[in-house]
Amino acid sequence: MNYFISENAFEFNSGTEFSQAARTSMYNSFGNLTLFVTRNYTPVFHRTIKTLGLNDHQVLNMYDFFQEATRVSRVKQNLRESVTIPKKRYVIESPNPDQSLILNEGRTVAKVNVMPATVALMGNIEYFDRFDHIVARDEWDYRGFKSSTAYFHPNGEVSLQKFYTPVGKVVLEITHMNVQGHLMPTMYKLINYCGANYRFNTENELFTFFMNEQLKQNPGTIILERASMLNTIPGIKSTKGKYFYLHSSHTNLKGQLLTTLVELMRGELDFTGIIVATKQQQQDMQPLTTLTTRVGCTRYDCQRK
């Protein structure tokens with residue numbers, strides 16, 4: 001098994017995601033089982049991967065995994081057909097095609113934002129108090145189930161976020177607290193995962209745990225695509241190798257080694273090696289690294305050059 005790892009798949013992807021997706025398809029076509037793995041929470045992830053030419057069997061998202069939603073058939077959730085909004089109690093008004101207002105005795109108690117690039121499908125629902133402050137927001141997955149709820153402080157900043165399985169069970173909570181004047185995530189709590197609760201300080205720590213759970217079931221090779229996630233890899237226990245795929249130059253405009261790569265090149269991050277796209281870059285980088293395994297091209301990339 002090969003795990004190609006990055007942050008996300010975006011509505012407007014960079015060359016990194018296109019390269020990662022193309023290699024995922026290529027490796028699978030050669031019989032090398034490979035997954036396009038992402039860390040970030042994205043309700044439209046399973047729509048986005050289709051623009052990259054991938055299907056649900058070729059991708060793995062961390063939040064999907066913990067939400068027990070890696071294999072979910074899509075059921076379109078139309079706003080006016082949703083049981084989330086009791087029609088006998090509330091009135092629905094649609095000032096424009098992108099949103100609808102939920103009214104109770106003339107007061108707006110919630111606003112439904114239509115999922116982008118769809119017609120009247122549930123995107124998210126924002127709930128308001130009597131002072132018109134947002135107090136909570138439900139996010140709907142592209143496949144048609146309520147995926148998460150965020151709760152807000154009076155100033156509009158997030159205090160807590162809960163994540164659900166497709167049947168509504170809470171499996172993950174993220175707590176936000178004030179740190180040196182800035183509100184930020186301070187605890188990621190897995191709830192009743194394999195019969196136990198787990199707490200993590202950062203999303204990257206949760207991701208490291210997630211990958212180790214994957215490797216217990218399906219050992220394989222790690223190939224990281226994003227430098228921003230370099231620190232997630234040292235704690236991952238892979239017996240088949242951990243590599244960093246460098247998609248761009250390793251130097252800045254002054255010809256100096258990028259600061260994001262210094263620890264990696266010194267061999268301080270427990271990587272097996274670095275993969276680059278051309279033999280010329282391989283030759284340029286080799287004297288800079290103390291990794292025991294030399295910098296090299298992938299078999300397919302080097303053949304194409």
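Predicted model: local features only at pLDDT ≥ 70, side-chain atom pairs only at ≥ 80, totals over all residues.

What does Arg 143 pair with? Its salt-bridge partner is Asp 64, and the closest N and O atoms of the two are 3.1 Å apart. Asp 64 belongs to helix H3 (residues 62-66), whereas Arg 143 sits in the loop between strand E8 (134-140) and E9, so the pair ties together parts that are 79 residues apart in sequence. Asp 64 has a relative accessibility of 8%, so Asp 64 counts as buried too.

E8 and E9 pair in the antiparallel sense over 5 bridges. Within that pairing, Asp 138 has Thr 149 of E9 as its bridge partner. The hairpin formed by E8 and E9 has 5 residues between the strands, and in this hairpin Gly 144 takes a positive phi near 105 degrees.

On to the next hairpin. Strand E9 (residues 146-152) also pairs with strand E10 (residues 158-164), again in the antiparallel sense and over 5 bridges. Ala 150 has Gln 161 of E10 as its bridge partner, and Tyr 151 stands opposite Leu 160 in E10. Here, too, the hairpin has 5 residues between the strands, and Gly 156 takes a positive phi near 90 degrees. How many residues of E9 are buried? The number is 5 of its 7 residues, which leaves E9 mostly covered.

I turn next to the nonpolar cores. The largest has 39 residues, and those that touch the most other members are Ile 5, Val 37, Phe 66, Phe 210, Met 211 and Phe 244. H4 gives the most to this core, with 6 residues. Met 211 touches Tyr 3, Ile 5, Val 37, Ile 222 and Ile 236, residues up to four places away in sequence not being counted. There is also a second, separate core of 11 residues, which includes Tyr 90, Val 109, Val 112 and Trp 140.

Thr 34 is placed in strand E2 (residues 34-38). Its relative accessibility is 0%, so Thr 34 counts as buried. The side chain of Thr 34 reaches the backbone oxygen of Asn 32 at 2.9 Å. Beyond its neighbours within four places in sequence, Thr 34 is in contact with Met 1, Asn 2, Phe 4, Thr 24, Tyr 27, Asn 28 and Gln 58.

Finally, back to charged pairs. The count comes to 12 salt bridges. One of these joins Glu 225 and Arg 23, with the closest N and O atoms 2.5 Å apart. Glu 225 lies in the loop between strand E14 (221-224) and strand E15 (242-245), and Arg 23 in helix H1 (residues 15-29), so this pair ties together parts that are 202 residues apart in sequence. Both Glu 225 and Arg 23 are buried.

A further salt bridge links Asp 270 to Lys 242, the closest N and O atoms being 2.7 Å apart. This pair links distant parts of the chain, 28 residues apart: Asp 270 is in the loop between helix H5 (262-265) and strand E16 (273-276), and Lys 242 is in strand E15. Are its two members buried or exposed? Lys 242 is buried, with a relative accessible area of 4%, whereas Asp 270, at 46% relative accessibility, counts as partly exposed.

I close with Glu 7, Arg 39 and Glu 203, which are linked in a network of salt bridges. Thank you for your attention.

Technical notes
Residues numbered from 1 in each chain as written. Heavy atoms only, no water. Pairing = 2+ DSSP bridges. Helix = DSSP H or I, 4+ residues; strand = E, 2+ residues; numbered from the N terminus. Core = buried A, V, L, I, M, F, W, Y, C linked by side-chain atoms within 4.5 Å. Buried < 20%, exposed > 50% of the residue type's maximum accessible area, 1.4 Å probe, protein only. Contact = heavy atoms within 4.5 Å. Polar contact = N/O pair within 3.5 Å; in protein donor to acceptor, adjacent residues only side chain to side chain. Salt bridge = Lys/Arg side-chain N within 4 Å of Asp/Glu carboxyl O.
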